[in-house]
Amino acid sequence: MTTSVFSARGLARAVCLVGCSLGLMGTSEAETLAQVFTLAQQHNPTLRSAQANYRAALSGVPLARSRLLPQLTAGANLSASAQDNSDNPLLQKFGMPTQWNYTSRDVNLVATQALYQPADHLGVEQADVAARIAYLKFVQQDQDLMLQVAARYFDVLAAQDSLHSLKEQDKAVVQQLKSAQANFDAGNGTIVDVRDAQARVDLTAAQVLAAQNRLQLARNSLQQVVGAPVRTLAPLPRSTALAPPVGDMGVWARKAEEHNLGVDEALLSVKLAQLGAQKADTGYKPTVSAYARLDHNATSGGSTLFPFSNRANVATVGVQMRWPLFTGYAVQSDVEQTAHLLEKSQSDLDAARLNAAQAARAAYLSVQSGLAQVKALDAAIASSRSSLQANETGFKVGMRVNIDVLNALSQLYETQRQADQARYDVLVNMLRLKSAAGQLDRRDVDTLSALLEPPAQ
């Protein structure tokens with residue numbers, strides 16, 4: 001792999017590309033890592049949940065701003081009243097009506113406009129910060145999905161390589177069994193050689209069955225993350241060059257402390273807590289609003305002797321101020337609570353920076369260790385191959401027994417499997433390093449995917 005595979009990019013580019021590929025691929029067969037990741041972006045339920053949460057948070061911004069805009073309300077009232085004065089002797093004496101019925105109707109239109117609402121202004125800022133936090137959560141989930149897909153994709157490749165290696169080993173062991181049997185039949189070998197070879201054939205056959213099971217489990221795990229069936233995967237050539245990360249561990253740790261998405265989210269959480277504390281302080285302040293009201297009143301009723309009706313249009317314009325004087329210590333409690341929440345968010349920010357730096361250091365060391373392992377294992381493969389050739393030659397001339405050849409075979413194929421796994425681990429840990437530093441984006445997956453070979457048709 002060349003150094004350009006993991007070249008640094010800014011967070012702004014990362015977040016702007018998050019949703020660009022959500023509609024790039026239909027339900028066609030996924031083969032490369034990029035195709036599998038695109039499929040996962042379409043079907044992964046956790047990512048869809050984070051996206052819906054972000055859209056909901058975006059809707060909260062105009063909702064909060066609506067409290068500062070003019071409000072217009074229409075209303076209507078209809079009431080009926082009955083009055084009974086039958087116990088009034090004066091009305092009875094003069095034959096006046098003692099039963100009165102009234103019907104009242106009111107239609108009104110009320111307009112209000114906030115003039116001074118400090119809490120509502122801060123509420124708009126809170127909604128905006130909350131939407132930005134939800135967006136970062138969405139981007140973080142997209143990056144987590146990249147890592148999950150890449151890790152499980154390479155788990156499938158590792159399981160395929162392991163199964164292929166064990167099958168090749170099985171063929172070699174079977175051939176060695178035939179050779180041991182032929183030597184025994186010719187009187188040049190012992191029954192111990194034959195039994196050793198037969199035991200290794202049985203052991204390898206059992207390992208093949210276990211590898212087949214691991215491959216199926218790896219495929220199921222990948223499909224679970226993707227949320228859709230995945231078919232043939234493009235393999236990674238063993239000749240792919242692996243380059244170390246640019247910069248030392250301290251540089252990557254500092255990048256993580258400054259640009260990690262978790263740190264950015266914690267910074268916004270501190271801002272949100274500060275706004276909450278400021279909003280709590282507004283509980284001591286007055287609020288001022290202007291209002292205009294138009295009423296149309298109509299009243300009818302009375303009695304058969306004195307019927308009456310009345311109609312009136314009333315217009316009212318004014319300014320209203322409300323100043324809380326005593327709220328049962330609600331404001332004081334709110335101020336105290338938000339102060340503690342602000343302190344918590346600041347501590348969370350410190351923890352996020354420490355965690356991001358530690359994650360970057362761990363990923364950096366894993367990459368460096370993996371590169372060293374790949375180099376050592378490649379050398380071990382060459383040595384194991386030479387050892388196998390020497391043991392096979394020694395067995396033919398009677399200087400080595402069959403178990404020596406079988407052990408050399410096992411060592412060679414086991415070393416090859418370890419080297420393949422180490423290569424995959426380096427690639428995934430490099431993605432983890434970039435994620436910890438806040439520099440992982442979709443193009444890293446595309447570049448890595450370009451290194452894969454299309455599967456043989």
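Which residues does Phe154 touch, not counting residues up to four places away in sequence?

Guide: This is a predicted model, in which local features need pLDDT of at least 70 and side-chain atom pairs count only at pLDDT 80 or more, while totals for chains, interfaces and linings use all residues. Residues are numbered from 1 along each chain as its sequence is written, and side-chain values use heavy atoms, with hydrogens and water left out.

Leaving aside residues up to four places away in sequence, Phe154 touches Tyr424, Leu427, Val428, Leu448 and Leu452. A contact here means heavy atoms within 4.5 Å.

Phe154 also belongs to the largest nonpolar core, which has 51 residues. Such a core is a set of buried Ala, Val, Leu, Ile, Met, Phe, Trp, Tyr and Cys residues joined through side-chain atoms within 4.5 Å. Buried means under 20% relative accessible area, exposed means over 50%, and partly exposed is in between (1.4 Å probe, protein chains only). Phe154 is among the residues with the most contacts inside this core, and so are Leu33, Val36, Val149, Tyr153, Val226 and Leu233. At least two core residues come from each of helix 2 (33-43), helix 3 (45-65), helix 5 (118-185), helix 6 (191-226), helix 10 (402-436) and helix 11 (442-450). Helices are DSSP runs (H or I, at least four residues), numbered from the N terminus. Helix 5 gives the largest share of the core, 19 residues. Another core lies apart from this one; its 39 residues include Ala256, Leu412, Ala422 and Met430.

The structure holds six aromatic pairs; rings of Phe, Tyr and Trp (its six-membered ring) pair if their centres lie within 6.5 Å, and planes under 30 degrees apart count as stacked, over 60 as edge-to-face and the rest as tilted. The pair of Tyr54 and Tyr135 is tilted, because the ring centres are 4.8 Å apart and the planes are at 45°. Tyr54 lies in helix 3 and Tyr135 in helix 5, so this pair ties together parts that are 81 residues apart in sequence. Tyr54 counts as buried because its relative accessibility is 19%, whereas Tyr135, at 24%, is partly exposed. Tyr54 and Phe138 form a stacked pair, because their ring centres are 6.4 Å apart and their planes are at 10°. Phe138, at 5% relative accessibility, is buried.
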